[in-house]
Amino acid sequence: MQKIRNIAVIAHVDHGKTTLVDGLLEQSGTFGSHEQHDERAMDSNALEKERGITILSKNTAIRYKDHKINIIDTPGHADFGGEVERVLKMVDGVLVLVDAYEGVMPQTKFVVKKMLALGKKPIVVINKIDKPSAEPERVVDEMFDLFSDMDANDDQLDFPIIYAAARDGIAKLDMAEEDGNFECIFETILSEIPEPEGDAANPFQAQVFTLDYDNYVGKIGISRIFNGTIKKGDTVALAKADGEIVKGRISKLIGFHGLNRMEIEQAEAGDIVAFAGMETVDVGDTVCDPVNPVALDPMHIEEPTLTVVFAVNDSPLAGQEGKHVTSNKLRDRLEAEMRTNVAMKLEVIGEGKFKVSGRGELQITVLAENMRREDYEFSISRPEVIVKEIEGVKCEPFEHLVIDVPEDLSGTVIERLGKRKAEMKSMLPMGQGFQRIEFEIPARALIGFRGQFLTDTKGEGVMNHSFLEFRPYSGEVESRSYGALVSMIDGETLAFSLFGIQDRGVLFIGVQTKVYEGMIIGEHSRQNDLVVNPIKGKAQSNVRSSGADEAIKLVPPRDMSLERALEWIEDDELLEITPKNIRIRKKFLTESERKRHSRK
Ligand SMILES: Nc1nc2c(ncn2[C@@H]2O[C@H](COP(=O)(O)OP(=O)(O)OP(=O)(O)O)[C@@H](O)[C@H]2O)c(=O)[nH]1
Ligand SMILES: [Mg+2]
């Protein structure tokens, strides 16, 4: 049997997981010296590269001495926490990273809790020790406290610690030592992480933890082999979560090495491989011996906490920018998404209307952003949290929120959060004039909070949150405190009229932008909506004042990204999303319709 170790890299968002994996690939010699690769090589899809975050967990394998080390890089953003939980079942140990300044953050708690509960062996990596503000000793203490608060067993509590600057390829076992390379990480993995259990001679058993799709071979299941041996061409059984058994044949077996995938003939217990040939494969399925199929424990799939409605675009500008605009196209695309993305759910709720549920706004905007890039055009509604009944009590999702704010601004932020039903849990000085404040807050109250928070903290505040649990419904919460600037007319914006409007609030659009009646062009500085005319030219006069237009000074418009716009809108508003534009609009375009409906 080959010597194998299986590890996952877990942490809060941005603590350096993917960068550390770069270093592991590099320093194990997996990247040939001639091989060109990008920074954060595992973040391979376009959106991941652009945003600098990991969205999908991905696996790779390296060789170190006579061992194969399978490594799964996981996403740190809270919306993808469910995926991390599934990945943890596939490995025997973890590298849990924590930023040497930021310390324990909400998602650190989430992943550590899951990892400890599954009995995995941790190696703690205190990363970014090169930061001038780094306080590695404080962060080690925080990790000890976290582990003991979360009932780590003695073995887990006795975790090895590695100090690293992953970006520079530096690691060491003691802060007092000279900087070394990643050898100490490899050695610690070999000595501390248990070998995979299971036997290559047993009947075959593997579990699928991620799905992939390839135009040539179809659906691909990435799985960990727990027992037995498998060969290309083998007949196997797929044991589904509902107890159904489906027979099939492994048409292709795929192995991993560095950034490459290659066809292999055979694989055995302990390894992580992908296979094609079974179109019905799902996450959590056990691939097993057809003669004696024994299913492994089903996987926990996280419940969605948030929904938005995707609908056919019916704005006056519909169909001008996207290629795929019909209800059928939209439905096919959303159904395709559900095939590989187990964390999301789809429900048809009307003609051309689809309710999509997921774990958070980022998960939903990632889907919307991908669809835009594939030339789809559609609208989405304001996110709503999922309210459900638990033992007869109406409950809603709550989040654990951590904010870092300059001390002098903390009062403002605390007051704002109070109005949103947040309960303060702790407050700590963080050095450099910052305070760290922790809250528990209804997820509903966080929608739209980020924009306000950034304004209140002049962009200096940092906020992080992650799902806590369902709790009894908390009643009304405060939402957006400003109204909208709404266009009263179709046409193209002119500098002259925007100049007149900009004193009334903040504009989202610039000159020569197409607008329509009912489209929102900015945020009003007061609470009510204001209907405006952004296309009005200067009154004609006999005297030609050449160059007068150039004298008009417009404030640059506020850039409304998809996330920002989604957080901003209210129930009576929509986002119109096309490959070229994100527009914000009223559901009802004319003022008279809006009046009629608000009276109802
Ligand atoms: N100063 C410093 N920065 C680092 C270090 N390691 C990573 N970074 C930076 O931290 C940022 C985040 O790194 P990533 O590797 O993408 O973090 P991640 O944990 O994979 O993030 P997600 O996958 O989005 O959760 C990048 O800008 C890195 O360059 C380090 O050792 N020191
Ligand atoms: Mg990453």
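Which residue is the bridge partner of A311 in β20? The partner is K353, and the strands around this pair are one of the topics below. This is a predicted model, in which local features need pLDDT of at least 70 and side-chain atom pairs count only at pLDDT 80 or more, while totals for chains, interfaces and linings use all residues. Residues are numbered from 1 along each chain as its sequence is written, chains are lettered from A and ligands numbered from 1 in the order in which they are written, and side-chain values use heavy atoms, with hydrogens and water left out.

**The magnesium site**

- T18 and T54 coordinate the magnesium ion (ligand 2), each through OG1, at 2.0 Å. Donors here are N, O and S atoms within 2.8 Å of the metal (3.2 Å for Na, K and Ca), and sites may look incomplete because water is not among the atoms.
- T18 sits in helix α1 (residues 17-27) and T54 in the loop between α2 (46-51) and β2 (58-64), so the pair ties together parts that are 36 residues apart in sequence. Helices (H or I, at least four residues) and strands (E, at least two) are DSSP runs, numbered from the N terminus.
- T18 is buried, with a relative accessible area of 6%, and T54 is buried too, at 9%. Buried means under 20% relative accessible area, exposed over 50% and partly exposed in between (1.4 Å probe, protein chains only).

**Around ligand 1**

- Ligand 1 is surrounded by 18 residues, and the closest are K17, T18, T19, T54 and D130. A residue counts as near a molecule or strand if one of its heavy atoms lies within 4 Å of it.
- Helix α1 gives the most to this shell, with 3 residues.
- By class, the shell has 4 nonpolar, 8 polar and 6 charged residues. Ala, Val, Leu, Ile, Met, Phe, Trp, Tyr, Cys and Pro count as nonpolar, Asp, Glu, Lys and Arg as charged, and the others, Gly among them, as polar.
- Oxygen atoms of ligand 1 lie 3.0 Å from a polar side-chain atom of K128, 3.1 Å from a polar backbone atom of D14 and 3.3 Å from a polar backbone atom of R167.
- On its own, ligand 1 has 660 Å² of accessible area, and the protein covers 89% of that (Shrake-Rupley method, 1.4 Å probe).

**Another residue of helix α1**

- L20 also lies in helix α1 and is buried, with a relative accessible area of 0%.
- The C-alpha atoms of L20 and D168 are 9.4 Å apart, although 148 residues separate the two along the chain.

- Strand β18 (residues 306-311) is mostly covered, with 6 of its 6 residues buried.
- L306, V308 and F310 point one way from β18, while T307, V309 and A311 point the other way. In a regular strand the side chains alternate between the two faces of the sheet.
- β18 pairs with strand β20 (residues 353-358) in the antiparallel sense over 6 bridges. Two strands pair if DSSP finds at least two bridges between them.
- Strand β22 (residues 384-385) runs antiparallel to β18 and is joined to it by 2 bridges, with T307 opposite E384.
- Strand β21 (residues 378-381) is another antiparallel partner of β18, over 2 bridges, and there A311 stands opposite S379.

**The β25–β26 hairpin**

- Strands β25 (residues 423-431) and β26 (residues 434-442) run antiparallel and are joined by 7 bridges, with M427 opposite I437.
- The two strands form a hairpin with 2 residues between them, and Q432 in the turn has a positive phi of about 55°.

How values were computed: Polar contact = N/O pair within 3.5 Å; in protein donor to acceptor, adjacent residues only side chain to side chain.
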